Amino acid sequence: MTESSANKLVNGGGDGCHRTANGKRANKNGFVKSHCPLEHKCRRPREKIQNGTYNSSLYKKPFVQSFEETPLLVAVLTYMGYGILTVFGYFRDFLRHWNIEKCNVAKERDEQKDFVPLYQDFENFYTRNLYMRIRDNWNRPICSVPGAKMDLVERVSPDYNWTFEHTGRVVKDVINMGSYNYLGFAENRGACADAAIEATEKYGVGVASTRCENGNLDIHEELEALVARFLGVDSSMAFGMGFATNSMNIPALTGKGCLILSDELNHASLVLGARLSGSTIRVFKHNNMQSLEKLLRDAIVHGQPRTHRPWKKILIVVEGIYSMEGSIVRLPEVIALKKRYKAYLYLDEAHSIGALGPNGRGVVDYFGLDPKDVDIMMGTFTKSFGAAGGYIGGKRELIDYLRNYSHSALYAASMSPPVVQQIISSMKIIMGEDGTALGANRLRQLSQNTNYFRRKLQDMGFIIYGNEDSPVVPMMLYMPAKIGAFGREMLKRNIGTVVVGFPATPIIESRARFCISAAHTREMLDTALEAISEVGDLLQLKYSRREQPRPSLAWMSEDSHLQD
């Protein structure tokens with residue numbers, strides 16, 4: 001971007017039109033052929049590699065993201081499974097209507113039958129007839145620190161998951177493969193916990209005021225200065241809730257007459273923020289630079305609908321790591337397009353900050369880019385830092401503007417002091433300012449664990465999505481019946497997992513999502529892999545058509561090539 005002042009972001013920047021040569025043409029799925037210099041080594045049959053670099057010179061190393069195609073038979077059976085569930089759902093609704101089966105869902109009282117309905121009966125069809133069948137896989141109560149291992153409160157349901165009762169038994173030492181504890185800072189002992197306890201004794205737990213009134217503590221300003229230094233930007237601002245960091249700040253940056261170009265798989269907080277802003281929203285295909293460039297070119301050429309006036313601002317909104325796909329944003333190409341078309345860039349690093357890059361500074365660090373090329377850097381403290389809240393980083397003029405116009409700055413209570421101290425302590429460890437190599441060791445361990453776990457799952461024959469360096473590892477389940485079965489079978493083997501289905505994912509792409517942590521030992525990962533392989537054989541989940549290596553009896557004790 002030629003404009004260097006953040007004032008143009010908040011007051012409206014100009015747009016320009018520059019002709020550019022097209023990259024490779026996308027196929028019908030929106031993917032393009034790989035330009036990866038190692039493609040002949042990593043490409044396998046029936047696999048889509050989402051690479052298609054617009055300019056391969058922008059990348060300093062091979063960038064490979066694989067999304068293996070869904071086998072046709074599996075797709076057909078998955079649709080059939082949802083169809084059967086839908087038919088039985090309507091049948092059970094018929095039984096409930098005539099009081100043959102008890103109805104447990106909320107509904108209007110008889111005396112309110114002539115009122116406008118408060119509960120949308122049809123919209124809740126999926127919840128009561130499909131979700132309730134597998135509801136026991138979510139909201140499990142944890143009674144320990146959610147670290148590499150955790151303790152779960154056992155519960156049973158007497159009415160097919162409508163209600164739950166605790167048995168009084170605790171399931172001990174469940175390997176936690178679902179929490180976003182990337183660097184292992186979710187712990188109740190150690191330097192971070194000790195510092196948080198001291199902060200509690202000094203400041204208390206609550207501030208009982210907003211930052212602009214009596215809630216601005218010195219520890220808050222220390223945090224914001226540290227975050228700015230960590231990111232390599234002029235200034236930053238911290239917020240008490242990660243979701244609100246997106247949903248309440250985007251409306252402060254854009255409004256009527258502005259255009260937001262949003263990745264189709266952006267998080268709900270980004271989607272909500274874009275809608276609340278009143279801006280025009282256009283969606284481009286996930287990580288597809290040809291789709292993004294077409295929208296940018298059309299926006300420059302045609303301007304606003306009807307009037308054809310130039311857009312006040314064009315804001316590109318992307319994530320660092322996409323939490324359901326495990327993919328990493330093609331940031332070098334996004335920045336190149338942003339500069340070419342004079343747009344602005346909003347980067348959500350909720351999952352990538354602390355988890356990517358040689359210094360743990362996120363996707364910008366991962367690609368070796370200049371942080372100043374990203375206009376708005378957003379991230380959360382809930383994952384890699386083991387705390388809560390979020391931040392916005394950028395030019396000083398941008399942050400000063402948000403302090404006066406952001407709803408989450410003006411109306412939300414200040415961050416809790418022990419939470420702030422947890423962030424400060426963990427961030428200093430990552431930066432090496434604690435005088436130890438603990439941060440560097442955790443970053444290295446996370447990278448090793450991620451590569452090891454992904455490689456083993458692929459070797460076993462599972463279909464997994466995303467980038468080879470992403471600690472978010474989606475493993476495809478597809479069929480609705482296998483969502484609940486996988487979660488239950490894994491818990492029987494003392495492995496805690498997260499399973500995800502429609503509407504959080506496309507209807508035929510249900511999956512289990514593993515989150516790798518630096519706190520996981522090789523023994524824990526091998527135990528989890530053995531259980532996953534066993535359950536995969538039981539439920540017939542090894543769908544991959546990739547060429548598999550010859551099985552080895554000693555695979556569980558194999559050391560990572562990174563350690564060698």
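Strands are DSSP runs of E with at least two residues, numbered from the N terminus. D173 is found in one of them, strand β4, which covers residues 165-176. The model described here is predicted.

**Overall make-up**

The chain has 564 residues, and 54% of them count as buried. There are 17 helices and 16 strands in the chain. Among contacts with a separation of 6 or more, 71% are between residues 24 or more positions apart. The chain exposes about 26,100 Å², of which carbon and sulfur atoms supply 53%.

**Backbone features**

D173 has a phi near 55°, a positive value in a residue other than glycine. Its relative accessibility is 47%, so D173 counts as partly exposed, the class between 20% and 50%. N99 also takes a positive phi, near 60°, and is not a glycine. N99 is found in the loop between α3 (72-97) and α4 (125-129), and at 66% relative accessibility N99 counts as exposed. A cis peptide bond runs from F502 to P503, with omega near 10°. P503 is found in the loop between β15 (498-500) and β16 (510-515).

**Helix α9**

Helix α9 spans residues 289-302 and has 14 residues. From its first C-alpha to its last, α9 reaches 20 Å, close to the 20 Å expected at 1.5 Å a residue. At the N-terminal end, N288 caps the helix: a side-chain oxygen of N288 lies 3.1 Å from the backbone nitrogen of Q290. Just after α9, G303 takes a positive phi of about 70°.

The buried residues of α9 are M289, Q290, S291, L292, E293, L295, L296, A299 and I300. What do the buried residues of α9 pack against? They pack against the strands β6 (259-263), β7 (280-284) and β8 (314-319), and against helix α10 (331-340).

**Aromatic rings**

A pair of aromatic rings is described by the distance of the centres and the angle of the planes. The count comes to 16 aromatic pairs. One of the pairs is F230 with F385, which is edge-to-face, with 6.4 Å centre to centre and 80° between the planes. F230 lies in helix α6 (residues 218-231) and F385 in the loop between β10 (376-380) and β11 (390-394), so this pair ties together parts that are 155 residues apart in sequence. F230 counts as buried at 1% relative accessibility, and F385 counts as buried at 0%. Elsewhere, ring pairs link Y59, F63, Y366 and F367 into a cluster.

| Charged residue | Ring | Distance from charged end to ring centre |
|---|---|---|
| R155 | F164 | 4.1 Å |
| R442 | F185 | 4.4 Å |

Y203 is placed in helix α5 (residues 191-203). Is Y203 buried, exposed or partly exposed? Its relative accessible area is 25%, so Y203 is partly exposed. Leaving aside residues up to four places away in sequence, Y203 touches L217, D218, I219 and P417. With D218 there is also a polar contact, side chain to side chain, at 2.8 Å. The C-alpha atoms of Y203 and P418 are separated by 8.1 Å, although these residues are 215 residues apart along the chain.

Methods. Residues numbered from 1 in each chain as written. Heavy atoms only, no water. Phe/Tyr/Trp six-rings, centres within 6.5 Å; stacked < 30°, edge-to-face > 60°. Helix = DSSP H or I, 4+ residues; strand = E, 2+ residues; numbered from the N terminus. Buried < 20%, exposed > 50% of the residue type's maximum accessible area, 1.4 Å probe, protein only. Lys NZ or Arg CZ within 6 Å of the ring centre and 35° of its normal. Expected span 1.5 Å × (residues − 1). Contact = heavy atoms within 4.5 Å. Polar contact = N/O pair within 3.5 Å; in protein donor to acceptor, adjacent residues only side chain to side chain. Areas by Shrake-Rupley, 256 points an atom, 1.4 Å probe, with all protein chains shown as cover.
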